[in-house]
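Q: I am new to this structure. Please show me how to read its features, one at a time.

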Amino acid sequence: MAESQYIFSPREAHEAEQQWRVVKRSVDARQRELRVHLTILTDEQGRPIAKDAPIPLYAPPVFLDVHKAKRSVIIIGAGPAGLFAALALLEHGIKPIIYERGKEVSERKRDIALLNRNEGLNPESNYCFGEGGAGTFSDGKLFSRSKKRGNMQRVMELFHYFGAPDTVLYEAHAHIGSDKLPGIIKRMRECILEHGGEIHFETKIDSFTPYTVHHTPIILAIGHSAHDTYRMLAAESVALETKGFAMGVRAEHPQALINKLMYHSTNVDYVGNASYSLVTQVNGRGVYSFCMCPGGHIVPAGSEAGSCVVNGMSASHRNSPYANSGMVVQINPEDIPGDDPLRGLKYQETLERLAFEHGGPQAQAPAQRMRDFVEGKASKDLPACSYLPGLVASRLDQWLPAHIGPRLQQGFRDFDRKYPGFLTNEAVIVGVESRSSSAVRIPRDPETLQSVSTPLLYPCGEGAGYAGGITSSALDGINAALKIAGLA
Ligand SMILES: Cc1cc2nc3c(=O)[nH]c(=O)nc-3n(C[C@H](O)[C@H](O)[C@H](O)COP(=O)(O)OP(=O)(O)OC[C@H]3O[C@@H](n4cnc5c(N)ncnc54)[C@H](O)[C@@H]3O)c2cc1C
C-alpha cells in the first residue's frame with residue numbers, strides 16, 4: 001500500500017473524499033484561491049483505493065472483562081485523561097474505578113442549560129465538571145498530532161471507535177463538536193461499565209488518606225479548574241509548583257468577516273467556516289489566539305460562584321454566525337511575586353472575581369467593542385453576541401491588569417497589520433479567559449510518572465500541568481495506565 005498527494009479545489013476535494021480512502025486532509029488558504037491538500041491511499045500501481053474497500057481503518061481495541069480482575073486502579077476525574085486511562089486499563093485486564101465529582105452527561109446538560117439561562121451555577125456540574133470533563137461541551141478540536149508524547153493517532157482511533165466521524169482519522173484540524181461529544185462520552189462509559197469497570201458520579205474526593213493506605217495506584221486526572229482539590233493536595237503535602245500559564249479575554253467577530261480575512265471570500269462551500277491562529281510578542285511576552293471556535297458560541301466556563309470565566313465551543317456543523325477565540329497573554333511564574341505554589345491560581349481567581357464584579361449578577365459577562373478597547377473608549381452599546389447569559393458594557397481597558405490589558409491592545413493592533421480589518425468595532429471582547437492552561441504543576445518523576453512526593457499517585461492530564469487540550473490529556477491518561485500496567 002502507498003500514498004499519493006493531490007491538490008484540489010474545495011469541490012474536487014469533496015468529490016474525491018466521497019470516492020477514495022483519504023489519509024490526510026488540510027485546507028491551504030495562502031493563495032487567493034483556496035486549495036485542499038489530500039493524501040489518498042493507493043495500491044502498488046498508484047491507483048487510488050476506494051473509500052469502502054475492505055481494508056480496516058485501524059486495529060479495533062480489545063477490551064477485557066475485568067469484573068473479577070485481581071488488579072484495580074483508582075481514577076479521580078472522568079475527563080479525557082481519566083476516561084482514556086480507564087479504556088487503556090481495560091485493554092490490559094486492570095479494573096478502573098472512577099470517581100467523578102460531577103454528574104453523568106445527560107444530567108449535566110440540564111445544569112448547563114440553567115446556567116445559560118442565568119438560573120444559577122451548580123458548582124459541581126457545569127462546563128468544567130461532570131462526565132467527559134471540560135472536553136464534553138467544548139469545540140472538540142483534536143489538534144495535537146505531536147509524536148513526542150506517544151501515539152496520538154490511537155487517541156483519534158478510539159474517538160472514532162466510539163462514534164466520532166471519519167474525518168478525525170485524517171483531518172489536519174479535526175473537530176467533533178459539542179452536539180456529538182456527549183454521545184461519544186456516553187458510549188465510553190457504557191463500555192467501561194459493561195467490561196466490569198466502576199464509575200461513581202457525584203463523588204468528590206476531598207482527601208487521599210483513605211485511598212493511599214490501600215496501596216492501590218491512583219490516577220489523578222482532575223483537570224485545571226478544581227481549585228479546591230489543589231488546596232486539598234497542598235494540605236496533604238503533595239508536591240505542587242507554579243507553572244507558566246496564560247490569561248486574557250475572548251474575542252468574537254462576525255464569522256463572515258473572518259471568512260473574508262482568512263479565505264478572501266465569503267463562500268466557504270466544502271471547506272466550512274474559517275478559523276485563525278495568531279501570535280505576536282509584546283514587551284517580552286507572547287500574545288496569542290487560543291482555542292478558536294469558528295461558527296461557535298462563547299460560554300460561561302466558571303465553576304465557582306462569584307467569578308466570571310468564559311471559553312468557547314461549537315457544534316459539529318460550526319454554523320453559528322460568530323467566530324470566537326481566546327486572546328491571551330503569557331504569564332510566567334516570575335510575573336507573580338512570592339513563592340506560594342498556588343499563587344498563579346490565586347491570580348486567576350482575583351481576575352475572575354473582578355470580571356464578575358464588572359459583569360454579573362449571574363453569569364452576565366463584562367464586554368467592550370474591540371476598537372473601543374484598543375482606543376480606551378467606553379462602548380455606548382454592544383454588538384449581538386453568541387454568549388447566551390448576556391453581556392454588560394464595561395471598561396476592560398481600565399480594569400484588566402497592567403500585565404494583560406496593554407499587551408492585548410498592542411496584540412490586536414499587530415493582528416490588524418497582518419489581517420487588515422481584524423481590529424474592528426464589529427468585534428467584541430468578553431472577560432475573562434482565565435482558564436486556558438493550568439497555573440499549577442503536580443511534578444512527577446519522568447521515569448515512573450508518579451508524584452515526586454507521593455508514591456503510587458500518578459498525576460496526569462491538564463490539571464497535572466503535563467497536557468493542554470483534549471488529545472494530549474487523553475494521551476497522558478493512556479501513558480499513566482500503560483506505566484501502571486508495566487508496559488511503558
Ligand atoms: C468550553 C471549553 C472548550 C474547550 N475546547 C477545547 C477544544 O476544542 N479542544 C481541546 O483540545 N481542548 C478544549 N478545551 C480544553 C479541554 O477540554 C481540556 O484540556 C481537557 O478536557 C483536559 O482534560 P483532563 O481530563 O485533564 O481534565 P478535565 O477535562 O478538566 O476533567 C477533569 C475531571 O475531574 C473531575 N474532578 C476534579 N476534581 C475532582 C475531585 N476532587 N473528585 C472527583 N472528581 C474531580 C472534574 O469534575 C472533571 O470532570 C476546552 C475547555 C473548555 C472548558
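Q: How many residues does helix α9 have, and how far does α9 reach from its first C-alpha to its last?

A: First, the ground rules. This is a predicted model, in which local features need pLDDT of at least 70, side-chain atom pairs count only at pLDDT 80 or more, and totals for chains, interfaces and linings use all residues. Residues are numbered from 1 along each chain as its sequence is written, and side-chain values use heavy atoms, with hydrogens and water left out. Helices (H or I, at least four residues) and strands (E, at least two) are DSSP runs, numbered from the N terminus. The expected span of a helix is 1.5 Å times one less than its number of residues. Now the case: α9 covers residues 343-358, so count 16 residues. Its C-alpha ends lie 23 Å apart, close to the 22 Å expected at 1.5 Å a residue.

Q: Which residues of α9 are buried?

A: Start with the cut-offs: buried means under 20% relative accessible area, exposed over 50%, and partly exposed in between (1.4 Å probe, protein chains only). In α9 the buried residues are R343, G344, L345, Q348, E349, L351, E352 and A355. Here is the general idea for reading such a list. An α-helix has 3.6 residues a turn, so residues three or four places apart point the same way. Look for that spacing on the helix.

Q: Which side chain makes a polar contact with the side chain of E349?

A: A polar contact is a pair of N or O atoms within 3.5 Å; within protein, one must be able to donate a hydrogen and the other to accept it, and residues adjacent in sequence count only if both atoms are side-chain atoms. For E349 the partner is the side chain of H227, at 2.7 Å. H227 belongs to helix α7, residues 227-235. H227 is buried, with a relative accessible area of 1%.

Q: What follows α9?

A: G360 does, with a positive phi near 55°. Next comes a peptide bond to check. Most residues other than glycine have a negative phi, and most peptide bonds are trans. Between G360 and P361 the bond is cis, with omega about 5°. P361 lies in the loop between α9 and β17 (365-369).

Q: Which residue does a cis peptide bond join to V432?

A: G431, with omega about -15°. V432 lies in strand β19, residues 428-433.

Q: What is the phi of N118, and what is the phi of C291?

A: N118 has a phi near 60°, a positive value in a residue other than glycine. N118 is in the loop between α3 (105-116) and β6 (141-142). N118 is buried, at 19% relative accessible area. C291 has a phi near 55°, again positive in a residue other than glycine. C291 lies in strand β13, residues 285-293. At 24% relative accessibility, C291 counts as partly exposed.

Q: Which atoms lie 3.1 Å, 3.4 Å and 2.4 Å from atoms of the ligand?

A: A backbone N or O atom of R101 lies 3.1 Å from a ligand nitrogen atom. A backbone N or O atom of A221 lies 3.4 Å from a ligand oxygen atom. A polar side-chain atom of E462 lies 2.4 Å from an oxygen atom of the ligand. Taken alone the ligand exposes 1000 Å², and the protein buries 94% of that.

Terms used
Accessible areas come from the Shrake-Rupley method with a 1.4 Å probe; for residues, only the protein chains shown count as cover.
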